[in-house]
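Work through the exercises below with the sequence and the model in view. Each task is followed by a solution in steps.

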Amino acid sequence: MALNACLIIKDNKILVIKDGNIWDLPSVEIEDHDKTEIFLKKHIKEFLGINVDIVQIFNTYQILNNDKNVNVNVYEASLTNGKLTPKNVEASFFSIDDLSKFETSATLKLVIGEL
């Protein structure tokens, strides 16, 4: 199983969610790889209230999470419509400069390094 994350950029700001004290990309574990894009879009709509179109795979990373190697597929997505209305999570758009002031996940650090 892989973790699948969504990179959404609007007005040069990245959409991130707060998990505990760490900011990260919106993500979900998906078992059926043939339907990754469908499930990822549904997850974003359900938990953040916005619609996205998956544009392409941005990159795949292998990170260490709780002493286990985890593959993280990061998909680049474009915001199509909807208002950011997070459910049970803190979410916002931040510039890369702003994100440098926060504690971020290993995945988000790798993504920022490539932007």
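**Exercise 1.** With which residue does Asp 98 form a salt bridge, and how far apart are the closest N and O atoms?

Solution. The model is a predicted one.
Step 1. The partner of Asp 98 is Lys 101, and the closest N and O atoms are 3.8 Å apart.
Step 2. The cut-off for a salt bridge is 4 Å between the nitrogen and a carboxyl oxygen.
Step 3. Asp 98 is partly exposed at 28% relative accessibility, while Lys 101 is exposed at 67%.

**Exercise 2.** Find how many salt bridges the whole structure holds, and describe the one made by Asp 53.

Solution.
Step 1. The search of the whole structure gives 2 salt bridges.
Step 2. Asp 53 pairs through its side chain with Lys 41, at 3.6 Å from N to O.
Step 3. Asp 53 belongs to strand 5 (residues 50-65) and Lys 41 to helix 1, so the pair ties together parts 12 residues apart in sequence.
Step 4. Both ends are partly exposed: Asp 53 has a relative accessibility of 37% and Lys 41 one of 32%.

**Exercise 3.** Is Ser 105 buried or exposed?

Solution.
Step 1. Ser 105 sits in the loop between helix 2 (96-99) and helix 3 (106-114).
Step 2. Its relative accessibility is 10%, and buried means under 20%; Ser 105 therefore counts as buried.
Step 3. Leaving out residues up to four places away in sequence, Ser 105 touches Ile 22, Trp 23 and Asp 24.

**Exercise 4.** Which residues gather in a patch of negative charge on the surface?

Solution.
Step 1. The patch consists of Glu 29, Glu 31, Asp 32 and Asp 34.
Step 2. Asp 32 lies in the loop between strand 4 (27-30) and helix 1 (36-48), and is partly exposed at 31%.

Technical notes
Residues numbered from 1 in each chain as written. Predicted model: local features only at pLDDT ≥ 70, side-chain atom pairs only at ≥ 80, totals over all residues. Heavy atoms only, no water. Patch = residues over 30% accessible without salt bridge, like charges linked within 9 Å, V, L, I, M, F, W, Y side chains within 5 Å. Areas by Shrake-Rupley, 256 points an atom, 1.4 Å probe, with all protein chains shown as cover. Lys, Arg positive; Asp, Glu negative; His and termini not counted. Charge placed at Lys NZ, Arg CZ, Asp CG, Glu CD. Helix = DSSP H or I, 4+ residues; strand = E, 2+ residues; numbered from the N terminus. Buried < 20%, exposed > 50% of the residue type's maximum accessible area, 1.4 Å probe, protein only. Contact = heavy atoms within 4.5 Å.
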